[in-house]
Amino acid sequence: MAVLCGAALGGSALPAAAGAALRRCGAGGSGRNPWKPVLLLLSPPAFSTTCARCAKDRRLRAKRAISERQLTRYFVDQRKVRVVGGQGGGGGHSFYSEPRKVFGGPDGGNGGDGGHVIFKADQQMKSLSSVFPFYQGFHGERGGSKNCYGANGAHVYVKVPLGTLVKEDGKVVADLTQHGEEYVAAYGGAGGKGNRFFLSNENRAPTFFTPGEPGQERVLHLELKTTAHAGLVGFPNAGKSSLLRAISRAKPAVAAYPFTTLNPHVGMVHYQDYEQVAVADIPGLIKGAHQNRGLGMAFLKHIERCHFLLYVVDLSVPQPWIQLQDLKYELEAYEEGLSERPCVVIGNKLDLAQSRINLPLLRERVAERVIALSALTGDNLEELLLHLRELYDTYVKTERSRGQSPVKW
């Protein structure tokens, strides 16, 4: 008898199924309870994987939301890695011999080369948390007899996110910004030469061979700079995370205290023509952030890769235009020219009464375009989405006019 799912088995289905089972098994008319054996057969488990609805409910119950502090363990934007190339295989040492041909000459083959350690950019990777502190390429095999060469060692590929900088002794040696871009971090050693390689007219029976060379060894520093089209820049509690949740499917932590967001989040804004604009939520900056105060320079570097900026100011505070001036100063002090990128000023918390009073004053003192909205209630989000698409289209045209390919997600 098939096991019935708890979602499909209702209150009226049980007596009908039990009656059919009773007629088949002939139970009834006796003094004992005729329902007991049937109920034991028909009692379903709490859930069943054969039912799509029950399986989905079980997955939802098992799934737990990751808190912001737990997420910091998974988001890693710096990593120190020691890489060693595979060692080359040694050369072979043998002489060809068969019946009636004792002195056949040397036939030791060369050894195989060691494998490389290669960093490969992958757009599916979002953090350096999966990168281990040590990698080594596979060793090459030793050369065999009958001039057989040893097999080369396999390469070790390490997937890293887009926007990963590879540094050695403080100098940038690679910048992986395109999907599939590779960088050989450590070369494998060359294979040794067999005694066949040293055969000459002067030496018809060489007996020496060379061992394989060791692989290259380096200590590299990986640094991740988030690659996004737009960056949300603002002071703590300005509503950046709430705005990102309103325009995308990203779920950064939101609370009524400063520094709720502890690591950058990237949300995707989808349009009807299947274009996607990546918006990064940079953790809140404070005065002196370029001097490593607060969260400091650890997250200012993520703004470098943003092609245009979205300044988020709190309209409910006194003189909100002061926030914009301080933000631009911090960006300019960190990197010259960073505050001059295409931007728009977003006045958040329009649902508050004080915000409506400060809005005309902000527009008088700010030269950039000001978009007033409320991330909490969703007021005027359409204007932001339309202007965000205008900034994205301008960026795409500019990159193509320079002969470069724009960043696509």
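This is a predicted model: local features need pLDDT of at least 70, side-chain atom pairs count only at pLDDT 80 or more; totals for chains, interfaces and linings use all residues.

Tutor: Let us begin with sheets. Strands of a sheet pair through backbone hydrogen bonds, either parallel or antiparallel.

Student: What is the order of the five strands in the open sheet?

Tutor: The order is β3-β1-β8-β5-β6, and the pairing is mixed. Because β3 (134–136) and β6 (171–176) each have a single partner strand, they stand at the edges, and one side of each lacks a neighbour in the sheet. From one strand to the next, the twist averages 30 degrees.

Student: How many bridges join β5 to β8?

Tutor: Four bridges link β5 (residues 164–168) with β8 (residues 217–224), and the two strands run antiparallel. Within β8, L222 is the residue opposite V166.

Student: How should I read the two faces of a strand?

Tutor: In a regular strand the side chains alternate between the two faces of the sheet.

Student: In which direction does β9 run relative to β11 and to β12?

Tutor: β9 runs parallel to β11 (residues 276–281), with three bridges between them, and parallel to β12 (residues 308–314), with five bridges. G231 has A280 of β11 as its bridge partner, while L232 stands opposite L310 of β12.

Student: How is a helix pair described?

Tutor: Two packed helices are described by the angle between their axes and the distance between the axes. Helix α5 (residues 240–247) packs against helix α9 (residues 381–401) at about 80 degrees, and their axes are 11 Å apart. Angles of 65 to 115 degrees count as roughly perpendicular, and α5 and α9 are therefore roughly perpendicular to each other.

Student: Which residues make the contact of α5 with α9?

Tutor: L243, A246 and I247 of α5 meet L381, L384 and L385 of α9. The contact comprises six nonpolar residues, no polar and no charged ones.

Student: Which value of phi does D169 have, and is D169 buried or exposed?

Tutor: D169 is not a glycine, yet its phi is positive, about 55 degrees. D169 lies in the loop between β5 and β6 and is exposed, with a relative accessible area of 73%.

Student: Where is K349 placed?

Tutor: K349 is in the loop between β13 (343–348) and α8 (353–365). K349, also not a glycine, has a positive phi of about 65 degrees. Its relative accessible area is 22%, so K349 is partly exposed.

Conventions: Residues are numbered from 1 along each chain as its sequence is written. Side-chain values use heavy atoms; hydrogens and water are left out. Two strands pair if DSSP finds at least two bridges between them. Axes are lines fitted to C-alpha atoms, for helices over the stretch in contact, and angles run from 0 to 180 degrees between N-to-C directions. Angles under 35 degrees count as roughly parallel, over 145 as roughly antiparallel, 65 to 115 as roughly perpendicular and the rest as oblique. Contact means heavy atoms within 4.5 Å. Ala, Val, Leu, Ile, Met, Phe, Trp, Tyr, Cys and Pro count as nonpolar, Asp, Glu, Lys and Arg as charged, and the others, Gly among them, as polar. Buried means under 20% relative accessible area, exposed over 50%, partly exposed in between (1.4 Å probe, protein chains only).
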